[in-house]
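Please keep the sequence and the 3D view open while reading.

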Amino acid sequence: MQPLPPSPVHFEHLTDGLGIGTGTPRLSWTPAAGSGDQHAYEVEIERPGHTHRTGRVSGADHVLVAWPAEPLTSRERAVVRVRTWSESDDEPSAWSEPGTVEAGLLAPTDWSAVPVGAAWDEDPAAERRPARVRKHFRADDRPIARARLYITAHGLYEAEINGTRVGDEALAPGWTVYPHRLRYRTHDVTALLAPGANTIGAWLGDGWYRGTYGFDGGTRNIYGTDQSLIAQLEITHTDGTTTVIATDHTWQAAVGPILTSGLYEGEVFDARLDDPHWATPAASPDGWTPVRAGTRNPGALVAPQGPPVRCTEEIPPGTITRTPDGRHLLDFGQNLVGRLRVTADGPVGTTLTFRHAEVLQDDELATRPLREAHSTDTLVLPGGGPYVWEPRFTLHGFRYAEITGWPGDLDPQDVTARVYHTDMRRTGWFECSDPMVNRLHENVLWSMRGNFVDIPTDCPQRDERLGWTGDIQVFAPTASFLYDCVGMLDSWLTDVGLEQLPDGTIPWYVPVIPGEPMWTPIRPGAAWGDVATLTPWALYQRFGDLELLRRHYPMGRAWVDLVEKLAGPDRLWDTGFQLGDWLDPAAPPEDPAAGRTDRYLVATAYYAHSTRHLARAARELGDTGDAARYDTLAEEITTAFRRRYVRADGRLTSDSPTAYALALAFDLLDAGRRQTAGDRLAALVDQDDARIATGFVGTPLICDALTDTGHLDTAYRLLLQTQCPSWLYPVTMGATTIWERWDSLRPDGTLNPGGMTSFNHYALGAVADWLHRVVGGIEVVAPGARTLAFRPRPGGGITWARTRYETPHGTASLFWETTPDGMKAEITVPPNCTALVELPGRQPSRLATGTHTLGPTASSEK
Ligand code: BGC
């Protein structure tokens, strides 16, 4: 029988190859499960006019394999298949299913579209009513072979052709450093066009481009004052000729039913003004006036590297209660990020108001944590029957919603919470015998979903929602196990590089917007700035993309070089502003940076860690000069750390859990002192009765530091503690996401009075990485998951765990269970992957690709 085919080829880090931004997309596939290791492959590329085959190429490569043919030109399409040989086969596998790739507009000269928007007078200092733009046009009589829409905006857009929405993405084009990079997307719109008369139109919103957002009531017009569409519809006829309809001065603009719209604000929509035919040839011309055409450097228009934001789930209300004054209070049972879709029926002019919140206090929405984000949507009904509506250019973080003005009783079927985030492919799962730990893991997952909205944000609900660098720095290892987030984070890291200051300073949050005095002017800070070195490395470990490491390497080097200057010859970074172990539970509410750990100890520890990672990256990239230089520097920093922060008796100058966790997890102590430090850490944890005493910096590291020094039991005690502060305390309080503070909701049920009280912040959820590696037992030990360790370390009374991880090579999984005779395990090793296995009570061994059952007494292989 012919061996099974590998998976279809995919291109770069995209699931959809349409509109790709390179002429030489790298190819990835996974060998068929159970097919054995791949030893050779052949790629076939079929493109207009000819078919190219590589012939049999020896090797195990199947992740990000270089494009093996002439580069694609703009708009060129190719169909790619692959077949593989495994060791045992002289016969190749069947060909994979074809994968299709199509280049986007690769050269600035491909663009004729210019930004078009309202020509009427707008007061840039005031709230402005969003516009819609459109154009009627005739499609040529020649039959259409294909049509593509290349589209983006200054602001946000939602396009329609002949009354049908184009695509399903939300908040397009997302948020990048717009002057340098504005992403366009490519849509196949062939099926939307009709012979003869056609209309293309777009709704526009302010979004991040000119909307009001940020600190202290927000800033408007951060990137510009216009709100414009940039679109190029290219129709290719069967005879090979093309018709191009691009945004230009011939388009028209008018206001629509959206009266106001803001990311934080919410949307006001007057459905009495809604004409469903506005983007069809039958639309009324009333109120439409010529657009103002602007300019835009087409060189800054880039194709996306990851998936768009989409609705990924719909959640019905769990309970609906009625307040004495007639409002409806809805509980969706899950803190989420998205918006409501309603079907409402009432007399013309009926006004419905929707407010959102993450928590209740005294049976009312608690909106104080939202600060100045109003998160309120308003719908004015048109009358005449049920009206379906969802706001377009806003998102809210909420579990509860309040509806005022709903006519009559609310049928649960008429309201749905729609969940939105970057539509990444799920790759990691974890479950164990302890339901509370499972809920904790579920909460981490939901906080990732809520904050991976085009960029990785700190929180999704209050007047902030920024790409805080420290938060994702600590969370990236967890994130890159749970979801294929490499395309999205690679794109964001490009923006981090663009926003890096000339001296190497990494901003606190990216994209940069005006901040409070604490954040402006921008100063370098440890743990946050280290995103420049540590996050490209974390992604490289999981996804094996050496080019990504190469592209971001200069950013990391500039960061380390800056810190080297700041630290000076004594190699101690002990000056300047630092956030330290942010949100240590012992820090006073008014100064979350003032925890029990010396902030300069944190800074020097990170300096050493980043420098070591930079050396590692240099080695992977073949830069032996840099590797040696940064290795030496890392050694010097480590020595300086020991001299300055380790006392003669082996204790650290900050006798705090975070200090020991850092020193151990970052390997800063000499071998003789490690055990003393581990024992001291365990003693401190015990002293506190295994309640958490760490903030953003210590929390992701403490369980590893305990595990690696023989204190696994203490790590489990920390994990399983339910008293505040602890990971499970929020679970006991009904949390469905990870909170910003250990006590965002206090044991007496009241809100933490601090100005930052988010209920959806993934940073402290970084412990899930330890769950996957230590409790679940699957760990990546060589870049690109080429080597995996299957090494569960059970404890805490947990009797089984089931972990699955879709690696670039295919599925890895581990199920273990303790039995009276020892541990029983079932392990699946993906092809082309070295698997080291270490089960308690058994000799370490290696396993070949395939599924293996390892009993306490007998072993077998499937
Ligand atoms: C954000 C954080 C961030 C921190 C930095 C907060 O306002 O929500 O998560 O990392 O500021 O100090």
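## Basis of the model

This is a predicted model, in which local features need pLDDT of at least 70 and side-chain atom pairs count only at pLDDT 80 or more, while totals for chains, interfaces and linings use all residues. Residues are numbered from 1 along each chain as its sequence is written, and side-chain values use heavy atoms, with hydrogens and water left out.

## Overall form

The protein has 46 strands and 14 helices. Both are DSSP runs, numbered from the N terminus: helices are H or I with at least four residues, strands are E with at least two.

Along the principal axes, the C-alpha atoms fill a box of roughly 85 × 75 × 55 Å.

## Burial, contacts and surface

Of the 862 residues, 61% count as buried. Buried means under 20% relative accessible area, exposed means over 50%, and partly exposed lies in between (1.4 Å probe, protein chains only). Take the contacts between residues at least 6 apart in sequence: 73% of them join residues at least 24 apart. A contact means heavy atoms within 4.5 Å.

The accessible surface comes to about 30,600 Å². Carbon and sulfur atoms hold 50% of that surface. Areas come from the Shrake-Rupley method with a 1.4 Å probe; for residues, only the protein chains shown count as cover.

## Charges

The protein has 78 positive and 110 negative charges, and their mean positions are 2 Å apart. Lys and Arg count as positive, Asp and Glu as negative; His and the chain ends are not counted. Each charge is placed at NZ of Lys, CZ of Arg, CG of Asp or CD of Glu.

## Salt bridges

A salt bridge is a side-chain nitrogen of Lys or Arg within 4 Å of a carboxyl oxygen of Asp or Glu. By this rule the count is 64. One of them joins aspartate 454 and arginine 183, at 2.5 Å from N to O. Aspartate 454 sits in the loop between β36 (452-453) and β37 (455-456), and arginine 183 in strand β14 (residues 182-183), so the pair ties together parts 271 residues apart in sequence. Both aspartate 454 and arginine 183 are buried.

Arginine 462 and glutamate 740 also pair, at 2.8 Å from N to O. This pair links distant parts of the chain, 278 residues apart. Arginine 462 lies in the loop between β37 and α3 (469-482), glutamate 740 in the loop between α13 (729-732) and α14 (768-775). Arginine 462 counts as buried at 1% relative accessibility, and glutamate 740 does so at 2%.

Arginine 804 and glutamate 806 meet at 2.7 Å, N to O. Arginine 804 is partly exposed, at 34% relative accessibility.

## Helix α14

α14 is mostly covered, with 8 of its 8 residues buried. Among them are Trp770, Leu771, His772 and Arg773. Glycine 777 follows α14, and its phi is positive, near 95 degrees.

Aspartate 769 lies in this helix. Its relative accessible area is 10%, so aspartate 769 is buried. Leaving out residues up to four places away in sequence, aspartate 769 touches Pro477, Thr478 and Arg542.
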